[in-house]
Amino acid sequence: MEKKGRLLVVDDDHAIRKLLERIARRAGFEVDGAKDGIEALEMLDRADYDIALIDLMMPRLSGYELVQRIGTRERRPIVIVATALTNGDIASVDDTLVRHVIRKPFDVQAVIASLTEAVNELHAKATFAVAEPAAESETKEGENEPPKLNLQTPC
């Protein structure tokens, strides 16, 4: 099975974290888990993730704070929040960073649907090689060569 992307699951509840990891692996994701926001930041420093699935209520560094810190990074994953909180409680989360909210107790199909939608967003935002004219090349007068393209892959 082709991997759909790299996912970081962040939840202080061991059983929930392992369940979410298992669901994501079965859906085709490469998955790592972190027990809190501090561990998640350390993992984000070491590897690039396409998606981060984050619990909001955690010790040491909450999901709220983690989402804010992810927002300051140059390379940041799509954020999905998993929470049992009400809409009013999650209103303070930056909605420009959080793409999906999964309610706890969650439905397995809802988790898969949110992950799939996030992957589709990644594919839609994929950057393609940009064609730019090559540096002026010396040509003899009268030659009608088509311009050469210099294909560069974005960083």
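Modeller: A polar contact is a pair of N or O atoms within 3.5 Å; within protein, one must be able to donate a hydrogen and the other to accept it, and sequence-adjacent residues count only through two side-chain atoms. This model is predicted, so local features need pLDDT of at least 70 and side-chain atom pairs 80 or more, while totals for chains, interfaces and linings use all residues. Residues are numbered from 1 along each chain, and side-chain values use heavy atoms, without hydrogens or water.

Colleague: Which residue caps the N-terminal end of α2?

Modeller: Helix α2 (a DSSP run of H or I, at least four residues) spans residues 37–46. A side-chain oxygen lies 3.1 Å from the backbone nitrogen of Ile38, and the residue that supplies this cap is Asp36.

Colleague: Which elements do the buried residues of α2 pack against?

Modeller: Gly37, Ala40, Leu41, Met43 and Leu44 of α2 are buried (under 20% relative accessible area; exposed is over 50%, for a 1.4 Å probe and protein chains only). They cover an arc of only 165 degrees around the axis, by the directions to their C-beta atoms, and therefore lie on the same side of α2. The face turned away from that side carries the exposed Asp45 and Arg46, whereas the buried residues pack against β1 (6–10), β2 (30–34) and α3.

Colleague: Is Glu21 buried or exposed, and what is its relative accessible area?

Modeller: Glu21 is found in helix α1, residues 14–26. Leaving aside residues up to four places away in sequence, Glu21 touches (heavy atoms within 4.5 Å) Val9, Val31, Asp32 and Gly33. Glu21 is buried, with a relative accessible area of 4%.

Technical notes: Helices (H or I, at least four residues) and strands (E, at least two) are DSSP runs, numbered from the N terminus.
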